[in-house]
Amino acid sequence: MEIKWLEDFVTLAETSSFSRAAEARNVTQSAFSRRIKQLETWVGATLISRATMPAELTPAGRNFLPVARETIRTFYTVRETLRPASEHGLVHFAALHTLTVTFFPQWLAQLQREGGEIGTSILPDRGGIEANLAFLSDGEADFFLTYAHKEVPFHLDHELFEFLTIGTDRLIPLAAPHVRSGNGVLAGRDLLDRALAEKLTIPYLSYGYSSFFGVALGKLLARQPGFRQRIIHQNTISAGLKIMALNGAGICWLPESLVEQELASGTLVPITQSAGWSLELDIRLYRSVGNRKRNAEILWSAAQRIASRAS
């Protein structure tokens, strides 16, 4: 049994709607229904009547609801109690890996100058969009630090979660000066432009299709001229693709903030002269509006002041 099944069940009991509960829990309705069914299988009883609209609890469901609520409260109370004393008061961030390397350190220094020195921790990047958002919706993180783009929607209830735009970045197409391919070695500079003109097949380093960059690039590539590509490596983490690109393995799109030194030294070069192959990105900080932890509130207020002065 997983604690999120109990949280799903309580949310469903409160909303009386599979669709609204799924949206509040930041999962698809099919995944939400599957988790409720898994809970019923574990309990050994039907908890929700599917024959009524809106959804109603069965007698077993009504008996189980206070147990579920108490179990959730007990679980989080015990988890907080068992944390080492050194972790008490820490503000927990879920964050995309690239931002922990490029943006977070300097931004945190600004926050601490503004709001005082407060301890922080970073939870590991889970790769997929929904998996990272789950840190926030499940209450494991106080904040979620992420890239954002208008074409990549986040399925969060705006009444339960809010965000600040705290920075910008660009996703740009790059390669090493020399790229290995099945036909020998290709010059990296303007390689995408030549591939389109000469119908070349070029090696491609992919984010896959579930990560933020994977979804964003899917939107970009769908509206640009198609080019022949051969995926030779896939990684949801930009730093991993950067290493492969530096070794001449293929072309890839990387955050500009991550490759400033490589662009300056020429160890990575642009693969096109067209600005249409780049993506302008926002950097956002999300939080649950119900999170009123003192240190989290202090950092949020500091972040608001910094963002206000920058705008």
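**A tour of salt bridges and aromatic rings**

Welcome! This predicted model holds eleven salt bridges. Side chains of opposite charge can pair when their charged atoms come close.

Start by selecting R50 and E40, whose side chains meet in a salt bridge at 2.8 Å, N to O. R50 sits in the loop between β1 and β2 and E40 in helix α3, so the pair ties together parts that are ten residues apart in sequence. Colour by accessibility if you like: R50 is partly exposed, at 45% relative accessible area, while E40 is buried, at 5%.

Next, select E151 and R223, a salt bridge of 2.7 Å, N to O. E151 is partly exposed, at 26%, and R223 is partly exposed, at 44%.

Now go to E256 and R170, where the closest N and O atoms are 3.2 Å apart in a salt bridge. E256 lies in the loop between β11 and α11, and R170 in strand β6, 86 residues away.

For a network of salt bridges, select E114, R305 and R309 together.

Time for the rings: there are 18 aromatic pairs. Among them is the tilted pair of Y147 and F213, with 5.1 Å between centres and 40° between planes. Y147 belongs to strand β5 and F213 to helix α9, 66 residues apart. Y147 is buried, at 0% relative accessible area, and F213 is buried too, at 5%.

Then pick F93, F103, F104, W107, F143 and W300, which form one aromatic cluster.

Finish at F163: R284 lies over its face, 4.1 Å from the ring centre.

Conventions:
Residues numbered from 1 in each chain as written. Predicted model: local features only at pLDDT ≥ 70, side-chain atom pairs only at ≥ 80, totals over all residues. Heavy atoms only, no water. Phe/Tyr/Trp six-rings, centres within 6.5 Å; stacked < 30°, edge-to-face > 60°. Helix = DSSP H or I, 4+ residues; strand = E, 2+ residues; numbered from the N terminus. Buried < 20%, exposed > 50% of the residue type's maximum accessible area, 1.4 Å probe, protein only. Lys NZ or Arg CZ within 6 Å of the ring centre and 35° of its normal. Salt bridge = Lys/Arg side-chain N within 4 Å of Asp/Glu carboxyl O.
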